[in-house]
Amino acid sequence: MVANDCEEAISIRAEIYIEKIIKRYSTFVVKHSWCFLLLGFSICIVLGLSSVILHDLPDFNDPTKGFVPRGKNTLTSRLFVLEKIKAKLDQQLATAKIINQGKESLSKSSPAFTNQINGKYQEDDDDFEDDDSLNQKDLEEDLRANPYGCAFQSLSQNQCLNNLEVYELLNNGTDFLKTSKVIQSQLYKPNEHMCTSIDLNRHYEVYFETSDSLATNLLDIDNLLSLCKKQYELVELFQLHATCHYTLPEMVAYFSNKSDCRQLTASDIPIFIDRIQRCHSLYDTGLMRFAGLKRYRAAPIDLFQYDTCFRFNFSFLTLEYLLDKTFLSTNETRYTAMWFLKPTKPIISANGSEIHTSNTAHDLFIEHFYQNSKFDDGRTKISALNFMDIRIPSAMKQIRADMFFVILAISLIVGVTVIYLRSITVALMTNICVGLSFACAYFSYKIIFGIDLFPYINLMATFILIGISCDNVFVIFDAWYSEKLDIYNEARLNKRKIEFYGKLTTKQEKQYKRDWDYTASIVSQRLTLKDDVEQHNKDETGEEKHFDSIKNTDLIRMMKVNEQQMIQMMIGVLRHAAASVFVTSFTTSAAFFTNMISRIAYVQLFGLFMGCCILFNFLMTVTMIVSFVIVYEKICEPLSARFGLFNHFPAIFDTIMISLTRVNHAIFTVYIPRIIIKFRYFFITFFLILGILGLLIVFYHPKLTPPKSRRYQFFQLNHPFERFEYQMRDEFLSYINEDKENITNPLLIFIFGVEDIDLVHPFNPDQQKTVDNENIVFNKKIDFYDPLTLRWLDTFLKDLNRSELFTNVQNTYSQWLTIGRLLRGFIKKDLSSNSTYDEDEFFVPSTRNETFVAMNQLFKFFNESNQVASSSDSNRGSDNFRLGFLPDPKTHNLSAFLFLVNMNVIFDRYSVQHDYYQKLEEYFEKCLEKLKLSEGLDGHVYEQVKHG
């Protein structure tokens, strides 16, 4: 009993203390409402301005920044670490090149070097030799002299195609492509691209189809002439007269040795089809693609360089870029592309601005292509567009334009508030509080938390905050008028005279009299204490009849209250409404704050910012809004009553409002409760079954899964940019092959000596952190000079070669064996004395000191060798470089080691990626567990390599 009494006493004392605080706060708000309101305004404005002045405004140009998971053991963090390692390797390779250039400069004046340079330029100009020099007999003699020379290593057939096999694939004949001097001059653009090669980035791509849905083949003379006309129009529109462009009508003309597509005739189309189809078998081997992509980066196949399938790269460009994937099987093409290459150097317009930027390309699209039928002549029309990869920048521009919908949201709030509360000032104050809450949250975000990354999704907080703020204001004003109604009823029950801010209208006078009469009847009934059923029914009828009359909002608002009554009303508002707003605000903000658990910075920051906005909006509600309620009661209500602002509405408006009130009362206080009570068991069963079905759908079948496509949709699918992304990329072989190469047997990199710790904080991705002046974290435990560590790395590579998870491991292991032979050569000067050495086994030095000396000599050998390459070289990604060493720049000790293999998988779906990476993690864990068991308690190699 004593404990219960103590708890009760503590509870009572707490309630008394809270009541005192509420009363003092209410008194302060009522007496100093203007000061409180202006002080809140000033603080919020100062905080908002300081956050804008002290920090740069958010940059929304890259919407993908922060949209990937970061943190330990995440794949993206490992990729960021890998990028830093690649940069360090490239830096070392570049340094080695600089050293080598100094050594090579001594030999630049030699005849051999001069001939080599001249040969390079001669190679670049081979395609522009005079056609008169072509001698088919000489080439056929070369074929007979070297028939079995390897012409190309076919990726699809995994064998070397010799010259004779390539000749047979060309139908046992050659087809020289004759071109006029005019055509050759068109292909050569001074200071620009050679018009025989292309890349897939930063150009203007315009895709066409026929206007007639029944006749879809573009290889028709009328369609080609239509495309030819549009080609010249687009060249003028893009202002690209001095750069290369590739179009289907132009290419058909070239194959007939015509320099202008306007000279095309119907007879040129069969010639074009026959010449392209002749290369079909050769294209299937991959030879044409290899030669086409290596154009002027590696020498084309000399024996066939003048053949139609290789000359000027026309056939490759046509098959991959200008004709859709169905051509080789149907001799028809439904779609075609026009490629207009961007200039290599910036071009300045007459007004001094640079053209061919993402901004000018977007403006060009809006002005000439968006919802414009200018290029539909009844024969062909534009199907899709890709302007310099501006799809994402254009989407960001559209999102920025869509942010003006917040004005629509504000307008709706103003309209609803005017109808519900009959006050424009309340609506304006609601939106002002939204802006101030946003400013305070932005201050906390930028200044207090120090977060630089501000995702675009944070701006969506404005729309959510408008709805929440509007609800809070309605709750506060409803509570205020409810307290005022209590004072109104109390005055009528006590027969005290009620004063109003203004003169009542005739209708309001009648209403006031009806309220007094009804109150008198209630008092009379209580005095006579009649409680029979009939009289009770009459009471219910009377209350129902006068329900809306007693709660007439006009009378309640016009009723004059003194300062003491305002304090009493504010106490009631804070006790009931503020408590409700507190609970709803904190539960809503807590729901958003839970997003901080995510590893995706976008989700984390949106949850943080949105939660802060809601909390600050709650503070605005219990400070500035309640202060505004007093200001509104003291100033706005008297002015409204004095001028009769809301007394001039038509009678039909009042009738509609009364009818809506009655309907609202009937639905939510009469019918819905009756239905819920009567069918409660049905509703419980129905929604329980519905909830279980929802859980099954979400978590079992079909369940929530990532999108199968690796592409992001920004616009509607019928938008020209989205049609390119989701349709044209799947119609043209250039993009199909590019995607296939990216997802087929991708590279897998094993790295030892570097921790997978991403030093860049996900909230501040532009700030680089360092550890020991390094932007990557090295593992100090691993010792690459330990013979046991080298022996385990050799065993690990052998295990990879035996596993079905990997491919091309043998190429990596061959280079690993070469490293072993070099180490052996640096240690054992007389190699002939050791005849027992197995060339197929990696040589491991016997002591750490021998390994250290041999490794240093190995690095010196690499630095002095010309066989080095950076990531920007043309042979990057080839089988030439599958091992990497990262020495410490100060001590020159080996800090990290990496090697490359290929994954034996095709990543065509996210589920395949997920399953493969799970198998990969399990495989590596098993290798480490096997090492741990083999070493026993005294082993140390496991501790060195477990971080890999």
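## Salt bridges

The structure holds 17 salt bridges, a salt bridge being a side-chain nitrogen of Lys or Arg within 4 Å of a carboxyl oxygen of Asp or Glu. This is a predicted model, in which local features need pLDDT of at least 70 and side-chain atom pairs count only at pLDDT 80 or more, while totals for chains, interfaces and linings use all residues. Residues are numbered from 1 along each chain as its sequence is written, and side-chain values use heavy atoms, with hydrogens and water left out. Side chains of opposite charge can pair when their charged atoms come close.

Arg379 and Asp222 meet through their side chains in a salt bridge, at 3.9 Å from N to O. This pair links distant parts of the chain, 157 residues apart: Arg379 lies in the loop between helix H15 (358–368) and strand S8 (380–387), and Asp222 in helix H8 (residues 221–238). Helices (H or I, at least four residues) and strands (E, at least two) are DSSP runs, numbered from the N terminus. Arg379 counts as partly exposed because its relative accessibility is 36%; Asp222, at 42%, is also partly exposed. Here buried means under 20% relative accessible area, exposed over 50%, and partly exposed in between (1.4 Å probe, protein chains only). Asp220 joins Asp222 and Arg379 in a network of salt bridges.

A salt bridge also forms between the side chains of Arg848 and Asp783, with an N to O distance of 2.7 Å. The two residues are 65 residues apart and link distant parts of the chain, with Arg848 in helix H32 (residues 848–864) and Asp783 in the loop between strand S9 (747–752) and helix H30 (787–802). Arg848 has a relative accessible area of 41%, so this residue is partly exposed.

Asp794 forms a salt bridge with Lys798, and the closest N and O atoms are 3.4 Å apart. Both residues lie in helix H30, 4 residues apart, which is about one turn of the helix. Asp794 is buried, at 6% relative accessibility, whereas Lys798 is partly exposed, at 23%.

## Strand S12 and its partners

Strand S12 (residues 894–903) is largely enclosed by the rest of the structure, because 10 of its 10 residues are buried. S12 runs antiparallel to S9, and 6 bridges join the two; two strands pair if DSSP finds at least two bridges between them. Within this pairing, Ile751 has Leu898 of S12 as its bridge partner.

S12 also pairs with strand S10 (residues 806–807), again antiparallel, through 2 bridges. Phe806 stands opposite Met903 in S12. Strand S11 (residues 883–887) is joined to S12 by 5 bridges and runs antiparallel to it. The bridge partner of Pro887 in S12 is Leu894.

## Helix H31

Helix H31 (residues 809–827) has 19 residues and should span 27 Å at 1.5 Å a residue; its end C-alpha atoms are 27 Å apart, which agrees. The expected span is 1.5 Å times one less than the number of residues. Buried residues of H31 include Val809, Tyr813, Trp816, Leu817, Leu823 and Phe826. Also among them are Thr812, Gln815 and Arg824.

Ile43 lies in helix H2 (residues 33–54) and is partly exposed, with a relative accessible area of 43%. The C-alpha atom of Ile43 is separated by 9.4 Å from that of Leu436, a residue 393 residues apart from Ile43 along the chain.
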